[in-house]
Amino acid sequence: MRKILVAAAVLLAAPAATGCGSGGSGGAPEDDTPKIPRTASGSLEHLAEEAGCRPDIQTDAAEIRQANCGAGKGRYILATFSTDKGQAQWFDEANDYGGVYLVGPKWIAVGGAAQLTKLRGRLGGTLEKPASHHTGSSGGGGHEAGRLSGYEGRR
């Protein structure tokens, strides 16, 4: 079930993430980067309130709670975890899909780079673009560490 949740979260965010490559590698381009507040913590509902989101809860399980927030290009997923270990396992599996993540204590947001940069101004946290882990089955390309396009061609 966890792999399905991870895949759904990443697939939902992939169109937004692949369309946001204008800033190059890291840092915010010219748009005014918000000051980074102290990293938020708490329940899914608390984090959603801090983010200015009305959460559409998709998963409500003991180990993970997950909600859709926003609409259109501003859409992102907010997930909370009952344990640090559960968060780490989810993130390890999600790394295989590439993408951009905003990570805090026992929570992760998945979405486009621009949206997560804005969200970071409300929730704090760390923006992460994990290395793409190619299995060799895609045919010739090398590693595309940290690039948003590393998701292309994956299932």
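**Overall chain**

Of the 155 residues of the protein chain, 39% count as buried, where buried means under 20% relative accessible area, exposed over 50%, and partly exposed in between, with a 1.4 Å probe and protein chains only. This is a predicted model, in which local features need pLDDT of at least 70 and side-chain atom pairs count only at pLDDT 80 or more, while totals for chains, interfaces and linings use all residues. Residues are numbered from 1 along each chain as its sequence is written, and side-chain values use heavy atoms, with hydrogens and water left out.

The protein chain contains four helices and six strands. These are DSSP runs, numbered from the N terminus: helices are H or I with at least four residues, and strands are E with at least two. Read from the N terminus, the order of elements is α-α-β-β-β-α-β-β-α-β.

Contact here means heavy atoms within 4.5 Å. Among contacts in the protein chain with a separation of 6 or more, 54% are accounted for by residues 24 or more positions apart. The chain exposes about 8600 Å², of which carbon and sulfur atoms supply 49%; accessible areas come from the Shrake-Rupley method with a 1.4 Å probe, and for residues only the protein chains shown count as cover.

**Aromatic pairs**

How many aromatic pairs does the structure hold? There are three aromatic pairs. Rings of Phe, Tyr and Trp (its six-membered ring) pair if their centres lie within 6.5 Å; planes under 30 degrees apart count as stacked, over 60 as edge-to-face and the rest as tilted. Phe91 is buried at a relative accessible area of 15%, and Tyr101 is buried at 1%. Ring pairs also join Phe81, Trp90, Phe91 and Tyr101 into a cluster.

**Salt bridges**

A search of the whole structure finds two salt bridges, defined as a side-chain nitrogen of Lys or Arg within 4 Å of a carboxyl oxygen of Asp or Glu. Glu45 forms a salt bridge with Arg65, with the closest N and O atoms 2.8 Å apart. This pair connects distant parts of the chain: Glu45 belongs to helix H2 (residues 44-51) and Arg65 to strand E2 (residues 64-69), 20 residues apart. Asp60 also forms a salt bridge with Arg65, its closest N and O atoms being 2.8 Å apart. Glu45 is partly exposed at 35% relative accessible area, whereas Asp60 counts as exposed at 58%.

**Two loop residues**

Lys106 lies in the loop between E4 and strand E5 (107-111). Its phi is near 60°, a positive value in a residue other than glycine. Most residues other than glycine have a negative phi. Lys106 counts as partly exposed, at 35% relative accessibility.

Where does Gly125 lie? Gly125 is in the loop between helix H4 (113-123) and strand E6 (126-128), and counts as buried at 8% relative accessibility. Leaving aside neighbours within four places in sequence, Gly125 is in contact with Thr39, Leu102, Val103, Trp107 and Arg120. The C-alpha atoms of Gly125 and Ile36 are separated by 8.1 Å, although these residues are 89 residues apart along the chain.
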